[in-house]
Amino acid sequence: MEYDERLALFRQTRLNPFDRGEEEDGPQEGKTPPQHESRPELFSGSRTHSSDRTMDLGLAEDHFSRPVGSFVASDIEQLKLAIEECKKLILELPENSERQKDTVVKLIHLRLKLQELKDPEEDEPNLRILLEHRFSKEKSKSVKQTCDKCSAIIWGLIQTWYTCTGCYYRCHSKCMNLITKPCVRSKVSHQSEYELSICPEIGLDRQDYRCAECRTPISLRGVPSEARQCDYTGQYYCSTCHWNDTAIIPARVIHNWEFESRKVCRSSLRYLALMMSRPVLKLKEINPLLFNFVEELVEIRKLRQDILLMKPYFITCKEAMEARLLLQLQDRQHFVENDDMYSLQDLIDISSGRLSCSLTEIHTTFAKHIKLDCERCQAKGFVCELCKEGDILFPFDSHTSVCHDCSAVFHRDCYYDNSTTCPRCARMTERKQDEVVLRNPSGD
């Protein structure tokens, strides 16, 4: 950590502005301004090199050695006293001076040591299961994580903490027994569906003025705790369960084609993140009119229908299987299974235009293999039996029509202009009749 970052961290999160006392207003009448030399106990000797910064605090105890046995109250009190001395000295020393840098470093170490005394490290299991959470012990020493239970910073350097491998719930080891919310992934596994009503609010009075998750008393006035509404569930939560995170709401996308992020509670944020890539939205049943207003949806639907028509060529082609062409859609496996199911990520990518570009490129690659690169696939093409002219036709060509009964392919103009039945269907019907006659020549 660079000095500027350490000093900023100290000023923003650790130093109480009221600790500056009289120094902010300048020396008062009748009082002598503090002298830097008046605190020699914090610095012994002169500094020669920046790499030789001494960590001696001038106290009898070695606060940076690992403590042995139990601690008495005086150990913690002495650390608190040393921290206050460092805080005052930082304010008195010149800005960006070497002595101020030393003091900031020492203050950080003192605070970490104090935290270690308050929460001594214990042997913790690597895996713990609680309320369907599968908590895995973390080895990261990062201090950028926040406990989802108590909302406090996780000091990975000196504190044991866990992450749920299912829903990525993070918490201190000491907070685990206080968790009351089951793992969100279990809900995703048992009930993979969205709330499709836009912000289905029931009112704070129906919640008995309590948080919908932890049941903490809340109110709109912020006394005793602020009530924060989740735009996904419509319910109100306390500040511990609702951190003003934002997410795209599926109901607003489906009904209004709106992709603005809204404030959601922590549990909704994790649920929406886990559901993001799951194809659970059947648009033609939920809101079929959406295709009349969003041209991109019509384009994507046509590309998906063409890919489904190409799929039989690939699963019977040795070269296509060796090239693993279908794996180009492995991130959207549902695209090779149906053409009507969408995930929320699909709709987001359609709105941004990313899906149209990538799917068009894949469609072009697939068509090139069937029509140009592979002789086996070319041999499975069709000739229009109505006009018997033109090139080889394929069912995914834009100028063709397909018989719904036998899947024969014709020119679109020929198929619609011809009033007779499909020639291939007529042959198949005649063949079946001949087989019946051969099996029963007497007509009985």
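Biologist: What covers the buried residues of α7?
Modeller: The cover includes α5 (184-190), β7 (245-248), α6 (250-256) and β8 (261-264). Contact here means heavy atoms within 4.5 Å, and buried means under 20% relative accessible area, with exposed over 50% and partly exposed in between (1.4 Å probe, protein chains only). Helices (H or I, at least four residues) and strands (E, at least two) are DSSP runs, numbered from the N terminus.

Biologist: And how many residues of α7 are buried?
Modeller: Eight of the 10 residues in α7 (266-275) are, so the helix is mostly covered. Among them are R266, Y271 and M275.

Biologist: Before I go on, what kind of model is this?
Modeller: It's a predicted model: local features need pLDDT of at least 70, side-chain atom pairs count only at pLDDT 80 or more, and totals for chains, interfaces and linings use all residues. Residues are numbered from 1 along each chain as its sequence is written, and side-chain values use heavy atoms, with hydrogens and water left out.

Biologist: What's the mean pLDDT of the chain?
Modeller: The mean is 79, and 79% of the residues reach 70 or more. Over residues 13-72, though, the pLDDT is below 50, and that stretch has 76 contacts in the model beyond near neighbours in sequence. pLDDT is the predictor's confidence in each residue, from 0 to 100.

Biologist: New topic: where does α10 have its kink?
Modeller: At L309, shortly before the proline P312, with a kink of about 30°. That bend is the angle between axes fitted to the seven residues ending there and the seven starting there.

Biologist: Which residues of α10 are buried?
Modeller: They include L297, I300, L303, R304 and I307. In an α-helix there are 3.6 residues a turn, so residues three or four places apart point the same way.

Biologist: Is D231 buried or exposed?
Modeller: D231 counts as buried because its relative accessibility is 11%. You'll find D231 in the loop between β5 (228-229) and β6 (236-237).

Biologist: What does the side chain of D231 join up with?
Modeller: With the side chain of R252, through a polar contact of 2.8 Å. A polar contact is a pair of N or O atoms within 3.5 Å; within protein, one must be able to donate a hydrogen and the other to accept it, and residues adjacent in sequence count only if both atoms are side-chain atoms.
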